[in-house]
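Visitor: I am new to this structure and would like a short tour. Could you show it to me?

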Amino acid sequence: MNINVENIEREKKKKNVIVSNVPEPATNLNGEARKAKDMEYLCHELDMDRKEIVTCFRTGKLQKDTNDTVKPRPIVVVFKNEEIANFWHNDKRGFKSNAHWVNPDFCRADRDAQFFLRQERRKRRQLLEEKKRKEQERSN
């Protein structure tokens, strides 16, 4: 049953991308005004077509950093169809423009798998560096 839920979640997220590091609009704006500002920003800064976007929303809680400035939350952008999302998933994966990152919206199982793979790569890289360092010490 858990696999079925993951497949449903994966299907729903096929039309989504996550945009990181977009500045938060003024905190005194209501929800719809913030959403409009975010939409305007996405269209102007990342050249996303407003006609292709169904909706966008921020994820997570509003947090302030040590300098009392608001830390920007990621924006989930939902497109009208998979082709547009695939363009951003595949052709623009990891796209960086003015320090904005655009990445696929993975389900929990896929995020966990990606995390595990990153951890394994990190371990292998550390072992390789240790091996090189020891060989270098022996040669000296």
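Guide: What follows is a conversation about strands, loops, surface charge and salt bridges in this predicted model.

Visitor: Let us begin with strand 1. Which way do strand 1 and strand 5 run, parallel or antiparallel?

Guide: Strand 1, residues 16-20, and strand 5, residues 75-79, run antiparallel and are joined by four bridges.

Visitor: Now the loops. What is the phi of Asn21?

Guide: Asn21 has a positive phi of about 70°, although Asn21 is not a glycine. Asn21 belongs to the loop between strand 1 and helix 2, the latter being residues 31-45.

Visitor: How accessible is Asn21?

Guide: Asn21 has a relative accessibility of 38%, so it counts as partly exposed.

Visitor: What about Asp47, where does it lie?

Guide: Asp47 is found in the loop between helix 2 and strand 2, where strand 2 spans residues 53-58. The phi of Asp47 is near 55°, again a positive value in a residue other than glycine.

Visitor: Why does Asp47 count as exposed?

Guide: Asp47 counts as exposed because its relative accessibility is 65%, and the cut-off for exposed is over 50%.

Visitor: Changing topic: which residues form the positive surface patch?

Guide: The positive surface patch is made of Arg118, Arg121, Arg122, Arg124 and Arg125. Arg124 has its place in helix 4, residues 108-139. With a relative accessible area of 53%, Arg124 is exposed.

Visitor: On to salt bridges. How many are found in the whole structure?

Guide: A search of the whole structure gives nine salt bridges. One of them brings together the side chains of Glu11 and Lys14, at 2.9 Å from N to O.

Visitor: Are Glu11 and Lys14 buried, exposed or in between?

Guide: Glu11 is partly exposed at 46% relative accessibility. Lys14 is also partly exposed, with a relative accessible area of 31%.

Visitor: What is the partner of Lys13?

Guide: Lys13 forms a salt bridge with Asp105, and their closest N and O atoms are 3.2 Å apart. Lys13 sits in the loop between helix 1 (2-12) and strand 1, while Asp105 sits in the loop between strand 7 and helix 4, so the pair ties together parts that are 92 residues apart in sequence.

Visitor: Are Lys13 and Asp105 buried or exposed?

Guide: Both Lys13 and Asp105 are buried.

Visitor: Which residue meets Glu24 in a salt bridge?

Guide: The side chain of Glu24 meets that of Arg73 in a salt bridge of 2.8 Å, N to O. Glu24 is in the loop between strand 1 and helix 2, and Arg73 is in the loop between strand 4 (70-71) and strand 5, so this pair ties together parts that are 49 residues apart in sequence.

Visitor: How accessible are Glu24 and Arg73?

Guide: Glu24 is buried, having a relative accessible area of 16%. Arg73 is buried as well, at 13% relative accessibility.

Key:
Residues are numbered from 1 along each chain as its sequence is written. This is a predicted model: local features need pLDDT of at least 70, side-chain atom pairs count only at pLDDT 80 or more; totals for chains, interfaces and linings use all residues. Side-chain values use heavy atoms; hydrogens and water are left out. Two strands pair if DSSP finds at least two bridges between them. Helices (H or I, at least four residues) and strands (E, at least two) are DSSP runs, numbered from the N terminus. Buried means under 20% relative accessible area, exposed over 50%, partly exposed in between (1.4 Å probe, protein chains only). Patches are made of residues with over 30% relative accessible area and no salt bridge: like charges are joined within 9 Å, nonpolar side chains (Val, Leu, Ile, Met, Phe, Trp, Tyr) within 5 Å. Accessible areas come from the Shrake-Rupley method with a 1.4 Å probe; for residues, only the protein chains shown count as cover. A salt bridge is a side-chain nitrogen of Lys or Arg within 4 Å of a carboxyl oxygen of Asp or Glu. Lys and Arg count as positive and Asp and Glu as negative; His and the chain ends are not counted. The place of a charge is taken as NZ of Lys, CZ of Arg, CG of Asp or CD of Glu.
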